[in-house]
Amino acid sequence: MKKICVLGLGYIGLPTAAMFATHGFQVVGVDVNERVVETLNNGEVHIHEPGLKTLVQAALKSGNLRVASKPESADVFIIAVPTPFREGAGEQGGKGAEENVALQKKADLDYVVAAAESIVPPLRSGNLVVLESTVPPRTTVEVLVPILERSGLQVSRDAEDHSPQHLGTSAPLLYVAHCPERVLPGRILEELVHNDRVIGGVDRTSAEMAKALYASFVEGEIFLTDATTAEMVKLMENTYRDVNIALANEFALVAEQLGINVWEAIELANRHPRVNILKPGPGVGGHCIAVDPWFIVQAAPEVTPLIQTARRVNDSMPAHVVELVKQALAEQRSGDEIPSAPLLPCPPARIACLGLAYKADVDDIRESPALRVVEGLAALGYELRLCDPHVNAAFPWPLLPLVDAVRGADCLVLLTDHAEFAALKPQVVGPLMRHRRVVDTRGCLKPQEWVAEGFQVMILGNGKAEK
Ligand code: SAJ
């Protein structure tokens, strides 16, 4: 039985390890975080994802999946560690270029480098190393390969490579490929199996070996290319989505000024057979789409104004939501007795922020625009109550069950379209509130229902008054 060592037991590494273990491989899952190792060894799972706990428990029970804190010798190594970004000043070109990229964010490859270095000692001739982490173009060939070759083994570059460096070498070989993950949080297990995969080999043999491996459970098609193209494909997918969302957000801002409803307009525009505009919202979060476009920018800052602008448009949305909330609270209506503008004498307006996760029905708060909105509202002096039934984390403000978060509130701000929130009934929350105001940043409430219950309703991207 082939043995696979998976480095990084996060959102991608853990499901991948469990999937291989339930498809006939002996798998060692490695994580440097002792708490993750301990949790899994106790039969618990630290990530909320439909079906994952059952799959991991089955894999552990079968004996095919073991969890450890250090890598060990194997036939295949899969690196699935995070690649966060760090803020950095641009390094390229003249003064204009520097200004342009001054706020650029760059890939932090420390985890990838550390994972690669950790497998140098156990590497053996004939091993295949697969990088799944999303990385800037050329990372596989320029960063990963040189680290792996410190083992004394040479990375295979097919016989067609007649460069003097490789001609006649008899050093034992390693095979290296990039196989970017493409699964959607919330649907990871289903997409791991059914999505098509792109595999980029440092050479063709490496790509073919990786294909044979993934074909054990992937039912989608597997396409082969070179490693750098595979890196770029992955980044292009997420950048395409980011730019599309930025366009939707820009349309939302225009719609607010022009007095039209962007949600209605997008729905109608999408009836065109070749148009598919995504949804506006409070911004783009998560560990992928808000991060990956910067990896392309970092590789080519001078020729990526569109990608950079899209990032900035999406990053500007939380501040826009704060403005909407201020406006909603500034509109005094008959029956309003308390000061609702920020920083007025006590009591300040009380806001219930519904949703902290970066998107619906997940527990992940990484890069979540909801948190930026919460911080912006807090900075204005509002009294905040937070609610997110999926999230369990510490915040400087109380994280409460829905009823407690809503009780006594002067305004609800819906930040994440979790199913629980989309199904909220104004008849239920209205009587608990001090004032009936709601700001919907996801366009998921039915405004007429709320207006009928006496709510003042504000919807991001809707410039039409809801009456
Ligand atoms: N969002 C909008 N409007 C939309 C769609 C999304 O504002 O119409 C926001 C979401 O609320 C969220 C963010 O964008 O804050 C990203 O959510 P998402 O569901 O679009 O994507 P992710 O980050 O959960 O997963 C993406 C996926 N990539 C693509 O769809 C091209 C997934 O397939 C990738 O595997 C994943 O990134 C990754 O790991 O790279």
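Mentor: Start with a definition: here Ala, Val, Leu, Ile, Met, Phe, Trp, Tyr, Cys and Pro count as nonpolar, Asp, Glu, Lys and Arg as charged, and the others, Gly among them, as polar. By that scheme, the lining of the second largest pocket divides into 13 nonpolar, seven polar and 10 charged residues. Keep in mind that this is a predicted model.

The second largest pocket is where the ligand sits. Its volume is about 870 Å³. The lining has 30 residues, and Leu184, Arg241, Ile245, Ile289 and Lys359 are the closest to the pocket centre. Helix H9 gives the most to this lining, with six residues.

Now move in to the ligand. Its shell holds 21 residues, the closest being Glu181, Val183, Lys234, Arg241 and Tyr358. H9, residues 227-258, again leads: five residues of the shell come from this helix, the most from any element. The shell divides into nine nonpolar, three polar and nine charged residues.

Next, look at the oxygen atoms of the ligand. One oxygen atom is 2.7 Å from a polar backbone atom of Arg182. A polar backbone atom of Lys279 also lies 2.7 Å from a ligand oxygen. With Arg442 the side chain takes part: one of its N or O atoms is 2.7 Å from an oxygen atom of the ligand. On its own, the ligand has 770 Å² of accessible area, and the protein covers 89% of it.

Terms used. Residues are numbered from 1 along each chain as its sequence is written. This is a predicted model: local features need pLDDT of at least 70, side-chain atom pairs count only at pLDDT 80 or more; totals for chains, interfaces and linings use all residues. Side-chain values use heavy atoms; hydrogens and water are left out. A residue is near a molecule or strand if one of its heavy atoms lies within 4 Å of it. A polar contact is a pair of N or O atoms within 3.5 Å; within protein, one must be able to donate a hydrogen and the other to accept it, and residues adjacent in sequence count only if both atoms are side-chain atoms. Accessible areas come from the Shrake-Rupley method with a 1.4 Å probe; for residues, only the protein chains shown count as cover. On a 1 Å grid over the protein atoms alone, a cavity is a set of points where a 1.4 Å probe fits but cannot get out, and a pocket is an open set with protein on both sides within 12 Å along at least five of seven lines; lining residues have an atom within 4 Å of a point. A molecule sits in a cavity or pocket if more than half of its atoms lie within 2 Å of its grid points. Helices (H or I, at least four residues) and strands (E, at least two) are DSSP runs, numbered from the N terminus. Grid points are joined across faces, edges and corners, and a volume is the space filled by probe spheres set on the points.
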